[in-house]
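This report describes selected features of the structure shown below.

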Amino acid sequence: MEGLTFYALAYLAAAVFAVIISRRLGLGSVVGYIAAGVIVGPILHVSGAGSEYLEQFSEFGIVMMLFLIGMEIDPQMVWRLRGKLIGLGGLQVVLTLVAVGVFGTLLGFSWQQSALFGCVVALSSTAIVLQTLEEKGLLESDGGRASFAVLLFQDLAVIPMLACIPMLASVTTVTNSAHGETFFATLPGWASALLTLGAVVFVLAAGHYLSRPVFRAIAQLGLREVFTAAALLVVVAIAALMSAVGLSPALGAFLAGVVLANSEFKHELQNDIEPFKGLLLGLFFMTIGAKIDLSILLQHWAIVLVATLAMMLIKVGVLLPLAWLFRLRATAAWLFALGLAQAGEFGFVLLSLGRERNIFSEEMVSISILAITLGMVLTPGLFILFDRIVTLLDSRGATRADDEPEEGTVIVAGLGRFGQIVNRMLLANGHKPVVLDFRADVVDDLRKFGIRSFFGDAGRPDLLDSAGLAKANVIVVAIDDQDRAVEIVTYARRANPSIKIVARAYDRLHYYRLSDAGADYIVRELFGSSLEAAVLTLRSLGMHPYEVEKRRNVFIEQDLAGLKRMAPLFDGVTPVSDNPDFIAGFNDIGKVIENAMLGNRTAYNDLVRRGWTPPVLDDSHALKAEQSRQ
Amino acid sequence: MRVLVLFAHPAQRKSSINRAMADAARRVGGLTFVDLYEEYPRFQINIDREQERLLDHDVIVFQFPIYWYSTPSLLKEWQDLVLEYGFAYGPQGKLLAGKFALICVTTGGRESDYSATGGNNYPLRQFLLPLQQTATLCGMKFLPPFVLHAANHIGTPEAQRHIASYGALLRAITANQLDLDEALTRDSIFPADLPIMAEH
């Protein structure tokens, strides 16, 4: 127990500090975790017995990452990107692999080693690139979309690569039986093939048919931790099943992710798995860092440097001509080529597997890890270089207009009677809002109508984040719960200062709280419909419909003006009944309207009757008319 | 000159010539541009705000497409509500007197359609008489209109020239480079022969 506490303390402390520093320096969290590993590695003697357990544990991070990547894969998007995905992505991976492979063989490595080096170099860092593109708002630009397509292809390409490593290994070395014989290995060939196929079919079928009723039942329990446990169970169970039939757990998790991508529980699942994935991946990168031998860096710093530069040169050398081939314009092409010029976290996975299977020596792995890490460290520098190139190209008259993001998105939080009407109007006008609601049955019903709706408590910041709050143009806060609504408005305003917030208020007081929290437009939920009833009543009493309409408009104007006047008086802390300013102001608001009620309607009538006075010729014109008559 | 452009167009499509003209006007620095349909989508015109705007400017530009020989309905509503007795006319107040009114319109018909022998039977100026008389009653000086006929396609060279010279016209008025009193004597304001004042 003491040992575990000490391990946890050292790892977590190093992780927290190194990641904070690394993010501050703009290097991203991956570099931070590796650095933390380098620091704690010698202290904890990672090569000792404790680390193997840690390693296995941390590999779940990879499984979860692939699960989440699978979830992000929207078949429609893949279809839309198919040209870039297969053409650009495929050529990029194959050409890089070939270039590095040939280069490696020429340098005297075995072909297996060269091929695996090629795989490592061909894969860029999804985590770093996507995060940077998103931070810079370039994800929706031409270059950003091309980069995304290539990253997506690389994520898919990992799966066959992982599958090929054992084959490469079996050529070079005697099969590594460290993992022991499985029950599976004792079966004849046809049976094992059938069993493998059966396992895959089971994952797909269970994901499609079984997951919804199960998750819905759990969601209706309303116990969040049980839902989290179920989400983790899915991933762990798939990993266990896949290992049992001799397939890669990552592949199984990926498949399950794809199957669940269209589920209404997608966002909830993502949110529950995300922190575990983050921590375990962090652990994975730290174990990699811990295995780096600093003496190797001191000894071979020149090799590391040359390897890094060679790797980046090869990558840019492949990416830039491809970008031109696929007609990306100058700025987009540079963003694409420089952004993807590093090797990524999958490289670490491949390297450690290669080491396990004895394809690489310890020294090769250490140098490669250092080279990849150095490449990651240099990535922010490459983005700065990209900015320079853009300004250079701009000054030469190239326009950047097409490289700006496209039109924005709407989030509708809460899909009761209020949110549904908002949603219908948006849909009728060609917008596809992301809809959030915490009642699984409501979400389920809506999905039957083809509305993109997701299960989850809209009050949870992480759910709002994954619904795209940071990039959304508008959020409609349409939930019943008054306090929650205020929380959402507050969070949305902080997370995205430029977003427009339309909020549903319960009453006047709630109106002020929402206004205080930063809502742009506030709609009192019953105001409009009550007024409609008043309009119909006045019409029934015989007032001319257009006259009623004018009076209605003046009433709204006066009421809103009063509300606005009162807003600054509301401090949100003092109860209204104890706030003398508020009480005085409140009495003031209704004066015009109240007068109207008491029969003293002059002010109100004056407002209503403005305009529509017939032109009357003034004295001068009257005079002229008289003169001409004479 | 302090210029106020009141733009009224209920169907602003991307290809609309009037929208391109409006964009040209927006780009002119130092004038006030108001898209009436944007500001009052529900026809609830804020009379006080509109009257204040009129008082704050010397040249009032009305930009709109001709609909049924008249203005789009919101601009008519604007006239009905804003040009109040006691503000725009009448013995107690004639606060707009001395200001200039400039009508900038587009028509679907060709220039030849607006003649005794054309399909519309009368010249365009006749259809603008209600506006002219409204301005005159308020004591405003009614400038000759700035017109684009046959405004059906934004791609034509005439349309493009008109859009460009609209911006130039507004810029010249804003910068006091246009002799407006001289312009009053003309039949229409053509971009080619704008009465530009000599540099001081």
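## Strand pairing in chain A

Strand S2 (residues 434-437) of chain A is joined to S3(A) by 3 bridges, and the two strands run parallel. One pairing can be given by residue: Val435(A) has Ser453(A) in S3(A) as its bridge partner. The model is a predicted one.

These strands belong to an open sheet of 6 strands in chain A, with the order S3-S2-S1-S4-S5-S6 and parallel pairing. The edges are strand S3 (453-455) and strand S6 (521-524) of chain A; each has a single partner strand, so one side of each has no neighbour in the sheet. Direction ignored, neighbouring strands of this sheet are turned against each other by 15° on average.

## A helix on the sheet

Helix H20 (residues 482-495) of chain A packs on this sheet. The strands of chain A that H20 touches are S1 (410-413), S4 (474-477) and S5 (500-505). The direction of H20 makes about 170° with that of S5(A).

## Packing of H10 and H12 in chain A

Two packed helices are described by the angle between their axes and the distance between the axes. For helix H10 (residues 224-244) and helix H12 (residues 266-291), both of chain A, the axes come within 9 Å and cross at roughly 75°. H10(A) is therefore roughly perpendicular to H12(A), as angles of 65 to 115 degrees are classed that way.

On the H10(A) side, the contact is made by Phe227(A), Thr228(A), Ala231(A), Leu232(A) and Val235(A). H12(A) contributes Glu268(A), Leu269(A), Asp272(A), Ile273(A) and Phe276(A). By class, the contact has 7 nonpolar, 1 polar and 2 charged residues.

## Positive phi in chain B

Most residues other than glycine have a negative phi. Ala150(B) has a positive phi, near 50°. Ala150(B) sits in the loop between strand S6 (146-148) and helix H7 (157-174) of chain B. Ala150(B) counts as partly exposed because it has 16 C-beta neighbours inside 10 Å, a count between the limits of 12 or fewer for exposed and 20 or more for buried.

Asn176(B) also has a positive phi, near 65°. The loop that holds Asn176(B) lies between H7 and helix H8 (180-183) of chain B. With 11 C-beta neighbours inside 10 Å, Asn176(B) counts as exposed, since the limit for that class is 12 or fewer.

Technical notes: Residues are numbered from 1 along each chain as its sequence is written. Chains are lettered from A and ligands numbered from 1 in the order in which they are written. This is a predicted model: local features need pLDDT of at least 70, side-chain atom pairs count only at pLDDT 80 or more; totals for chains, interfaces and linings use all residues. Axes are lines fitted to C-alpha atoms, for helices over the stretch in contact, and angles run from 0 to 180 degrees between N-to-C directions. Helices (H or I, at least four residues) and strands (E, at least two) are DSSP runs, numbered from the N terminus. Angles under 35 degrees count as roughly parallel, over 145 as roughly antiparallel, 65 to 115 as roughly perpendicular and the rest as oblique. Two residues are in contact if their C-beta atoms, placed from the backbone, lie within 7 Å. Ala, Val, Leu, Ile, Met, Phe, Trp, Tyr, Cys and Pro count as nonpolar, Asp, Glu, Lys and Arg as charged, and the others, Gly among them, as polar. Two strands pair if DSSP finds at least two bridges between them.
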